[in-house]
Amino acid sequence: MISKSQISLIKKLCLKKQRRKTNLFIAEGQKVVQECISEKLKIHRLYSLESLDKCDSQLISTQEMRKISNFKTPSEILGLFEIPSLGKMKIQKIDIVLDRIQDPANLGTIIRLCDWFGFQQLICSEDSVDCYHPKVVQASMGSISRVRCHYRNLQNYFQNQTRAVYGTSSQGVSLNDFAFEEAFVLLFGNESKGISKNLYTEISKWISVDKYSKKNTVDSLNVASVVGICMYKIRNENHYYN
């Protein structure tokens, strides 16, 4: 049986301030939990509907799982894990930077894209959604266990930047015609407002993804889709690996 204090803790972990206070985050679902375990993230507690082969878990009922789940249909397992230490930000040829991303699903998908295309770190503005928000963790499908998200004041980050900085915009140079330099920063903006105007002076060139539809019903792409298209382009130019 799960206690009221345990339920209260799990509910509170939906809030950023509680995650920071306890240094814990929620992972839910068989795949996400298994990814966190495989990457040796420290387990605080596991709750499951059935006994697990390789880990100790607290068995609870389906009704109890409904009380702690963030899903409409509760999963078979929910875990509380310690937030891993970030360590220092790595010096890389290529940095992916996000400005004011607010949608947890978008950030989670971008983290998964970073994992898929081999980017081990992601830089986010301080006002972007927290990478350990339960919906971000879920959308990342466990990739949060391998990709480190560093939150920075972007004006300070760009202050001593020597690499080219490319900003994404619907009005930029076509990605099809664009040749990336060997080292650069690729900046993506907020879902509705784009890149902050106070960062415009940092941008060397603007790039865009071509639209092929002749109809005006689609006016923009989801930011995670743009990230994926740009990463594919970068990784197809074989000498651009970190």
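Student: Which order do the strands take in the open sheet of four, and what is the pairing?

Tutor: Bear in mind that this is a predicted model. The four strands run in the order β1-β4-β2-β3, and the pairing is mixed. At the edges sit β1 (24-28) and β3 (58-59), each pairing on one side only.

Student: How many bridges hold β1 and β4 together, and in which sense do they pair?

Tutor: Five bridges, in the antiparallel sense, with β4 covering residues 77-82. If you want a spot to look at, A27 stands opposite G79 in β4.

Student: Which strands does helix α1 lie across?

Tutor: Helix α1, residues 4-12, lies across β1, β2 (43-48), β3 and β4. Its direction is about 110 degrees to β2.

Student: Okay, on to the other sheet. What is the order of its six strands?

Tutor: That open sheet reads β7-β6-β5-β9-β8-β10, with parallel pairing. Its edge strands are β7 (148-152) and β10 (205-208), each of which pairs on one side only. On average, neighbouring strands in this sheet are turned by 35 degrees against each other, direction ignored.

Student: What about β8, how many bridges join it to β10?

Tutor: Five bridges, and the two strands run parallel; β8 spans residues 164-174. V173 stands opposite I207 in β10, and T168 also stands opposite I207.

Student: And how many bridges are there between β8 and β9?

Tutor: Four, again in the parallel sense.

Student: Which strands do helices α5 and α8 lie across?

Tutor: Helix α5 (residues 104-117) lies across β5 (94-98), β6 (121-125) and β7, at about 150 degrees to β6. Helix α8 (residues 223-236) lies across β5, β8 and β9 (184-188), at about 160 degrees to β9.

Student: Let's zoom in on Q121. Buried or exposed?

Tutor: Q121, which is in strand β6, is buried, because its relative accessible area is 3%, under the 20% cut-off.

Student: What does its side chain reach, then?

Tutor: The side chain of Q121 reaches the backbone nitrogen of K90 at 3.0 Å. It also makes a polar contact with the side chain of D95, at 3.2 Å. Leaving aside neighbours within four places in sequence, Q121 is in contact with M89, K90, Q92, D95, V147, R148 and H150.

Student: New topic: charges. How many salt bridges does the structure hold?

Tutor: Eleven. One of them joins D130 and R20, with the closest N and O atoms 2.5 Å apart. This pair links distant parts of the chain: D130 is in the loop between β6 and α6 (134-140), R20 is in helix α2 (residues 16-22), and they are 110 residues apart.

Student: Are those two buried or exposed, D130 and R20?

Tutor: D130 is buried, with a relative accessible area of 5%. R20 counts as partly exposed, at 40% relative accessibility.

Student: Which residues are linked in a network of salt bridges?

Tutor: K31, E35, E39, D115 and R146. Within it, E35 and K31 meet at 3.0 Å, N to O. Both lie in helix α3 (residues 30-38), four residues apart, about one turn of the helix. E35 counts as buried at 18% relative accessibility, while K31 counts as partly exposed at 36%.

Student: And where do D115 and R146 lie?

Tutor: D115 is in helix α5 and R146 in the loop between α6 and β7, so the pair ties together parts that are 31 residues apart in sequence. Their closest N and O atoms are 2.8 Å apart. D115 is partly exposed, with a relative accessible area of 23%, and R146 counts as partly exposed at 27%.

Student: Last one: E64. What is its nearest side chain of opposite charge?

Tutor: That is K67, 6.4 Å away; E64 is buried yet has no salt bridge, the cut-off being 4 Å. E64 lies in helix α4 (residues 62-68), and its side chain reaches the backbone nitrogen of I2 at 3.0 Å. Not counting residues up to four places away in sequence, E64 touches M1 and I2.

Key: Residues are numbered from 1 along each chain as its sequence is written. This is a predicted model: local features need pLDDT of at least 70, side-chain atom pairs count only at pLDDT 80 or more; totals for chains, interfaces and linings use all residues. Side-chain values use heavy atoms; hydrogens and water are left out. Buried means under 20% relative accessible area, exposed over 50%, partly exposed in between (1.4 Å probe, protein chains only). Lys and Arg count as positive and Asp and Glu as negative; His and the chain ends are not counted. A polar contact is a pair of N or O atoms within 3.5 Å; within protein, one must be able to donate a hydrogen and the other to accept it, and residues adjacent in sequence count only if both atoms are side-chain atoms. Contact means heavy atoms within 4.5 Å. Two strands pair if DSSP finds at least two bridges between them. Axes are lines fitted to C-alpha atoms, for helices over the stretch in contact, and angles run from 0 to 180 degrees between N-to-C directions.
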